[in-house]
Amino acid sequence: MPIDAAKALAAEPRSAEIAWDHKDVQLYHLGLGAGRPATDPAELRYTLESRLHVLPSFSTVAGAGMGVVGGLSAPGIDIDLTAVLHGGQSITLHRPLPTGGRAVSTSRVAAVYDKGKAAVLVLRSEAVDDEGPLWTSDARIFVRGEGGWGGDRGPSERLELPDRAPDRTVERAVREDQALLYRLSGDWNPLHADPDFAKLAGFDRPILHGLCTYGMTLKAVVDTVLDGDVTRVRAYRTRFAGVVFPGETLRIRMWAGDGGVQVAVTAVERGDAPVLADTLVAHS
């Protein structure tokens, strides 16, 4: 079996120093579609260094870190990238992210689940700087064809949406070149740029990074429900329920509750096909 669960879980955590500055933050925000309109004061908070705020989802790319693809080189894991999909993501913020800094990122395989026809890897990264913990991030990686060894199926984390109309609904267009720009923040998986590789993975054309949709959605929640205040975000989790193709439009529905916003994201042009599900932004 290409995945040796016991070996992967027993492996020593890997640590590396990461660093970022305002240019990395600005590039990330631009990769999410920030800056439209370019002179809008609300957008300048994401694009102009003198007013810069850091969207908490930047933690998924800060300093490139272990990254999703990098995590797949951990001991006990030997898999074909064409069989890999990002199944889910969660982050917990321990304090607001600075516009620049240095930290130590420690990464490990936190869990390996057997879903029958697939395996799910949970790659955990924790970042700490001189002032203490910054964030904890879990990436859930879905590997087709690697299950069936009789392992733990793992928890079910379904989140039922409220039985009422959403409090806010917004639409966000995905540019044709958005995946090409977003990948400059460190995710070089050819699935998002190379048409031939995308076909090998079963797609007609390259797909958008799940983490790009993840960041676009958090920005929409911050901008429309949290008064543009990125520091109010405490945690954010989602399950990637479907793919997004560059050029499509995201429909983002939000239900505000006590201390949290539940979210559902769909692709407008494909009949509101599900994109993000079981999504919750916890906030102060």
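User: Where is Pro37 placed?

Analyst: In this predicted model, Pro37 sits in the loop between α2 (22–31) and α3 (41–47).

User: What is the peptide bond from Arg36 to Pro37, cis or trans?

Analyst: Cis. Omega for the bond from Arg36 to Pro37 is near -5 degrees.

User: Why does Asp278 count as buried?

Analyst: The cut-off for buried is under 20% relative accessible area. Asp278 has 10% relative accessibility, so Asp278 counts as buried. Its place is in strand β10.

User: What is the strand order of the open sheet of 10 strands?

Analyst: The order is β1-β3-β4-β5-β2-β7-β10-β9-β8-β6, and the pairing is antiparallel.

User: What makes β1 and β6 edge strands?

Analyst: β1 (14–20) and β6 (168–173) each pair on one side only. From one strand to the next, the twist averages 20 degrees.

User: How do you know that β7 and β10 pair?

Analyst: Pairing calls for at least two bridges between two strands. β7 and β10 (residues 273–283) have 6 bridges, so they count as paired, in the antiparallel sense. Within β10, Leu280 stands opposite Arg237.

User: Which strands does α7 lie across?

Analyst: α7 lies across β2, β6, β7, β8 (249–257), β9 (260–267) and β10. Its direction is at about 135 degrees to that of β7.

User: What surrounds the largest pocket?

Analyst: Its lining has 24 residues, with Gly87, Arg140, Glu157, Arg158 and Arg239 nearest the centre. The space in this pocket is about 550 Å³. Strands β2 (84–93), β3 (101–114), β4 (118–129), β5 (132–144) and β7 (233–240) each give at least two lining residues.

User: How do the residues of that lining divide by class?

Analyst: Into 9 nonpolar, 6 polar and 9 charged for the largest pocket. The second largest pocket has 16 nonpolar, 7 polar and 1 charged.

User: What else describes the second largest pocket?

Analyst: Its volume is about 400 Å³. It is lined by 24 residues, and those nearest its centre are Leu85, His86, Ile207, Gly210 and Phe240. Helices α4 (68–71) and α7 (210–224), along with β2, each supply at least two residues to this lining.

User: Why is a space called a cavity here and not a pocket?

Analyst: In a cavity a 1.4 Å probe fits but cannot get out, whereas a pocket is open. The whole structure has 2 cavities of 30 Å³ or more.

User: What lines the second largest cavity?

Analyst: Its lining has 11 residues. Nearest the centre are Glu12, Ala74, Ser107, Arg108 and Val109. β3 gives the largest share, 3 residues. By class there are 7 nonpolar, 1 polar and 3 charged residues.

User: How much space lies in that second largest cavity?

Analyst: About 60 Å³.

Terms used
Residues numbered from 1 in each chain as written. Predicted model: local features only at pLDDT ≥ 70, side-chain atom pairs only at ≥ 80, totals over all residues. Heavy atoms only, no water. 1 Å grid on protein atoms, 1.4 Å probe; cavity = no way out; pocket = protein on both sides within 12 Å on 5 of 7 lines; lining within 4 Å. Points joined across faces, edges and corners; volume = space filled by probe spheres on them. Helix = DSSP H or I, 4+ residues; strand = E, 2+ residues; numbered from the N terminus. Nonpolar A, V, L, I, M, F, W, Y, C, P; charged D, E, K, R; others polar. Axes fitted to C-alpha atoms, helices over the stretch in contact; angles between N-to-C directions. Contact = heavy atoms within 4.5 Å. Buried < 20%, exposed > 50% of the residue type's maximum accessible area, 1.4 Å probe, protein only.
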